[in-house]
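Subject: Structure handover

Hello,

Here is the structure you asked to look at.

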Amino acid sequence: MLECVINVSEGRDTAFLAHLRAAAGAACLDVHSDADHHRSVFTLAGEDAAVEAAARRLTAAAVAG
């Protein structure tokens, strides 16, 4: 079991945050967004390989914008 917490500098664009959550897939347990601080925290958990793949997909989607 692995947990990964990813912080993203986006807290207001709900469509983009939904896109990032979808990219993470089933490994994404929670997303906490703070519009005032323009940040979001994605909590991923599961089997090691699945969480690693989800973190890579979420990161690629975030960088691609």
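Predicted model: local features only at pLDDT ≥ 70, side-chain atom pairs only at ≥ 80, totals over all residues.

Residues are numbered from 1 along each chain as its sequence is written, and side-chain values use heavy atoms, with hydrogens and water left out.

The sheet

Helices (H or I, at least four residues) and strands (E, at least two) are DSSP runs, numbered from the N terminus. Two strands pair if DSSP finds at least two bridges between them. Three strands make an open sheet in the order S1-S3-S2, with antiparallel pairing. Strand S1 (2-8) and S2 are the edge strands, each pairing on one side only. On average, and with direction ignored, neighbouring strands of this sheet are turned by 15 degrees against each other. Axes here are lines fitted to C-alpha atoms, for helices over the stretch in contact (heavy atoms within 4.5 Å), and angles run from 0 to 180 degrees between N-to-C directions.

Seven bridges join S1 to S3, and six join strand S2 (residues 28-34) to S3. Cys28 has Leu44 in S3 as its bridge partner. Four residues lie between the strands in the hairpin of S2 and S3, where His38 takes a positive phi near 55 degrees.

The helices

Helix H1 (residues 14-24) lies across S1, S2 and S3 and runs at about 160 degrees to S2. Helix H2 (residues 48-64) lies across S1 and S3, at about 10 degrees to S1.

Two residues

Ser40 is the bridge partner of Val8. The side chains of Ser40 and Ser33 are joined by a polar contact of 2.8 Å. Such a contact is a pair of N or O atoms within 3.5 Å; within protein, one must be able to donate a hydrogen and the other to accept it, and residues adjacent in sequence count only if both atoms are side-chain atoms.

Asn7 is in strand S1 and counts as exposed, because its relative accessibility is 57%. Leaving aside neighbours within four places in sequence, Asn7 is in contact with Ser40 and Val41.

Regards

Conventions. Buried < 20%, exposed > 50% of the residue type's maximum accessible area, 1.4 Å probe, protein only.
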